[in-house]
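Welcome! Let's take a friendly walk through a protein model, one topic at a time. Have the sequence and the 3D view ready.

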Amino acid sequence: MQPTTTTQPVVSTTKVVGGGGVPQKKAAIVRQDGKRKQGGDGTSGWVWYAGRALYEYLMLQYNNDIDIDNNNVPLRGMSILEFGSGTGWLAIELALKGAMVTATDRMDAMPLLIQNIATNIERFVVGSRNSEEHDELFLEVHCLEWISNSDLIKEEIEGSDDVDDGGGESNHQLFQYNNNNLMMIPGKWDLIVGSDLIYISEHYKALLETLARHDCKHYILAYEERKPAEEIMFLKMSSDYSFQTNRSLAGINPETGNRVWIVRMEKS
């Protein structure tokens with residue numbers, strides 16, 4: 001099935017939360033780090049425009065108590081898995097709205113992600129224990145590797161002496177490779193989200209297979225348009241993994257002039 005596209009903006013503006021100025025009450029504050037390089041692979045240390053657009057879209061959907069099936073399901077209590085959490089800003093903001101959030105990223109992004117989440121738990125949970133407004137944040141952090149099934153088989157064949165030879169079971173566990181780095185987070189998810197995940201086309205296959213491994217029906221991604229032909233290829237490839245996709249325009253990044261898109265995906 002071909003992906004559908006709508007051009008009516010669903011988000012006209014986005015708020016810069018956790019940036020300069022005085023933070024609003026119950027707003028995440030995160031440290032940003034790394035090289036701010038458009039389209040590079042060292043970008044997990046920044047809160048990008050697409051992440052803010054995704055947040056605004058989710059608030060628009062769920063603050064009206066209408067989910068993507070037009071059911072009355074509020075954000076509070078939803079089980080949400082985030083891919084490519086980076087600084088953790090979006091995960092923290094969703095947790096502050098009452099969602100049960102699991103933030104994930106690759107191993108080299110873990111130190112900053114863990115630090116930012118720990119800092120906000122200290123602010124909102126530990127710091128409020130002696131006040132009347134006691135907060136609870138349901139937040140977990142996991143290292144999640146995007147890896148295709150073909151790469152996993154290659155990894156086991158090249159790196160293991162205990163691959164099953166047909167006469168018994170291998171000691172390798174499904175969805176785990178390279179010591180304890182997970183390629184799937186167990187559980188049933190109400191929603192999987194992620195922003196700016198598709199800027200490197202070589203990762204598309206591994207990303208789609210990793211998304212499809214998880215027990216979830218609804219996915220909402222956001223991305224800033226940088227390589228339109230490649231990004232459309234991702235949407236077309238999605239159907240090979242039993243995803244139906246719908247793309248809608250979220251707005252324009254005023255700094256770059258690039259369009260920002262929301263992609264809703266469902267398993268068919």
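How many disulfides does the count come to? A disulfide here is a pair of cysteine sulfur atoms within 2.5 Å, and by this rule the count is zero. Two of the cysteines, C143 and C216, can still be described: C143 is buried with a relative accessible area of 12%, and C216 is buried with 6%. Buried means under 20% relative accessible area, exposed means over 50%, and partly exposed lies in between (1.4 Å probe, protein chains only).

## About the model

This is a predicted model, in which local features need pLDDT of at least 70 and side-chain atom pairs count only at pLDDT 80 or more, while totals for chains, interfaces and linings use all residues. Residues are numbered from 1 along each chain as its sequence is written, and side-chain values use heavy atoms, leaving out hydrogens and water.

## Helix α1 and the cores

Helices (H or I, at least four residues) and strands (E, at least two) are DSSP runs, numbered from the N terminus. Helix α1 covers residues 49-62, and 13 of its 14 residues are buried, so the rest of the structure largely encloses α1.

A nonpolar core is a set of buried Ala, Val, Leu, Ile, Met, Phe, Trp, Tyr and Cys residues joined through side-chain atoms within 4.5 Å. In the largest one, which has 40 residues, L58 and L94 touch the most other members. Helix α1 gives the most to this core, with nine residues. Apart from it lies another core of 24 residues, including W261 and V263.

## A hairpin

Strands β11 and β12 form a hairpin with six residues between them. They pair in the antiparallel sense over nine bridges; pairing requires that DSSP finds at least two bridges. G251 has V260 in β12 as its bridge partner.

Methods. Expected span 1.5 Å × (residues − 1).
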